[in-house]
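Here is a quick tour of a protein model. Have a look at the sequence and the 3D view, and then let's walk through a few spots together.

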Protein chains: 2
Amino acid sequence: MNLLLLFSEDLVAPNEAIVRGDRRDHVARVLRAGPGDRLRVGLLDGMLGQATVTALDDSCLRLALELREAPPEPLPVHLVLALPRPKFLGRILQGSAAMGVKRIVLLGTSRVERSYWQSSILDAEAVGRQLLLGLEQGRDTVLPVVESWPAFRRFVAERLEDLLAQRLGLVAHGDAPTPFPRGPVGPATLFVGPEGGFLDDEVATLRDAGALPVSLGGRPLRVEQAVSVLLGRLMPDFSP
Amino acid sequence: MNLLLLFSEDLVAPNEAIVRGDRRDHVARVLRAGPGDRLRVGLLDGMLGQATVTALDDSCLRLALELREAPPEPLPVHLVLALPRPKFLGRILQGSAAMGVKRIVLLGTSRVERSYWQSSILDAEAVGRQLLLGLEQGRDTVLPVVESWPAFRRFVAERLEDLLAQRLGLVAHGDAPTPFPRGPVGPATLFVGPEGGFLDDEVATLRDAGALPVSLGGRPLRVEQAVSVLLGRLMPDFSP
């Protein structure tokens, strides 16, 4: 755990929190922290910093907080993802959150099986759990927003234009003649298709709306790996 | 399946193969191919091309082969990976093979739990299965070599110099002041640490041997995701 996430309901005073349940257990058993030890913490949708353990018993962890750091810069990339096989979705949500994506749009395309939309992994609670794991991994506090658009035509009619306003649209498509960018491009919306890819007419629809089809080259990658590679290419440089 | 891999023992004539077992079943049931259909195939450590199904029954798939394409260019990056938790190793091997890595060195470091080396996922057969899945994913035929060096000191004494000869060494290390490259660097050896990273003195040892510590910046990533991001940065441009 790179960050212990706190929720507003954990706060018992402005600079004091009491944590119970799984998070208390993790700190006690995995991190083996005790009174006086310091932990890296962050308040969901708020500031980050250090906490000092002031008390720990079988049910409660009491922390004194010094939250003075702003959360890291978000990755200014919205991810529009053809809904993957449910067993892969959790890790993709988690990894995208860890890399700083703040909007994830799950999309139905011709090659997305309709049954995937019934999966319990799409329940708000399950989605939230994956996003929180990603925030803890990436030391961030700002929860991404997840939208679902099972019908491609409706997405195109009602949502696409807004997602491309003031943003560079990039459609990952193996057959595209343009190489995928190798650096930050500013605000962008990245479209990633299902296993087997977008259909040509889906790519044409996205292109007609202003997005640019781009490719990594000849080796097809699994969706989860492709998302990591593509987001990794768009990550900003850091200031050492 | 992006490629059906054939083995020399499948060949019954220079341009004819008979495939049984799981691969026959996959072609029959998942791809639903039958006589006259064409498949993309490749011969392990050999050429790629097309095959035409000439016969299919309950036990055998008979193929007429036209193997005229060389395998894709390898990624000229050797991956030296601190042995990850066994449940993650398979996917990392698979993903690295899919991206064209041809040498993977599994390494023991201070933060690698010794018990991981006893895992059955390290059996030659289990490792081979993951690598073959990666080759099928990435449409490649050239099997990567996997080496294991459980003892860091022995690796440094006996193997490190050779892995850095004529190659740029890159050590992924969150605290490094130099950003990770954004494009191909030619022949390279990439060192990726365990969860929690290399120790500072391990980084110093690799640096003293000539490797350069480099960082992606502030967000720590899971090892599997980091490997995809890092290899993705080093991928060569393709010729459209």
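## A leucine in a strand

Let's start with Leu67(B), which sits in strand β6 (residues 61–69) of chain B. Keep in mind that this whole model is predicted. Setting aside neighbours within four places in sequence, Leu67(B) is in contact with Val41(B), Leu43(B), Met47(B), Leu48(B) and Gly49(B).

How far apart in space are Leu67(B) and Gln130(B)? They are 24 Å apart, going from C-alpha to C-alpha, and 63 residues separate them in sequence.

## The nonpolar core

Next stop: the largest nonpolar core, which has 76 residues. Leu190(A) and Leu190(B) are the ones that touch the most other members.

Zoom in on Leu190(B). Once you skip neighbours within four places in sequence, its contacts include Leu170(B), Phe180(B), Leu230(B) and Leu231(B). Val77(B), His78(B), Leu79(B) and Val80(B) are in contact with Leu190(B) as well.

## Helix α7 meets helix α7

Now find helix α7 (residues 223–234) in chain A and helix α7 (residues 223–234) in chain B: their axes come within 8 Å and cross at roughly 60°. That angle is why α7(A) counts as oblique to α7(B). The crossing of these two helices is right-handed.

Which residues of α7(A) and α7(B) make the contact? On α7(A) they are Glu224(A), Gln225(A), Ser228(A), Val229(A), Gly232(A) and Arg233(A), and on α7(B) they are Glu224(B), Gln225(B), Ser228(B), Val229(B), Gly232(B) and Arg233(B). Sorted by class, that gives two nonpolar, six polar and four charged residues.

Arg91(B), Ile92(B) and Ser96(B) from α2(B) meet Val223(B), Glu224(B), Val227(B) and Leu231(B) from α7(B).

## Two arginines with positive phi

Most residues other than glycine have a negative phi. Arg32(A) isn't a glycine, yet its phi is positive, about 50°. You'll find Arg32(A) in the loop between α1 (21–30) and β4 (38–43) of chain A. Is Arg32(A) buried or exposed? Arg32(A) is exposed, with a relative accessible area of 69%.

Arg139(A) has a positive phi as well, about 55°. Arg139(A) lies in the loop between α3 (124–138) and β9 (145–149) of chain A, and at 27% relative accessibility Arg139(A) counts as partly exposed.

Methods
Residues are numbered from 1 along each chain as its sequence is written. Chains are lettered from A and ligands numbered from 1 in the order in which they are written. This is a predicted model: local features need pLDDT of at least 70, side-chain atom pairs count only at pLDDT 80 or more; totals for chains, interfaces and linings use all residues. Side-chain values use heavy atoms; hydrogens and water are left out. A nonpolar core is a set of buried Ala, Val, Leu, Ile, Met, Phe, Trp, Tyr and Cys residues joined through side-chain atoms within 4.5 Å. Buried means under 20% relative accessible area, exposed over 50%, partly exposed in between (1.4 Å probe, protein chains only). Contact means heavy atoms within 4.5 Å. Axes are lines fitted to C-alpha atoms, for helices over the stretch in contact, and angles run from 0 to 180 degrees between N-to-C directions. Helices (H or I, at least four residues) and strands (E, at least two) are DSSP runs, numbered from the N terminus. Angles under 35 degrees count as roughly parallel, over 145 as roughly antiparallel, 65 to 115 as roughly perpendicular and the rest as oblique. A crossing is left-handed if the near helix is turned anticlockwise from the far one by less than a right angle, and right-handed if clockwise. Ala, Val, Leu, Ile, Met, Phe, Trp, Tyr, Cys and Pro count as nonpolar, Asp, Glu, Lys and Arg as charged, and the others, Gly among them, as polar.
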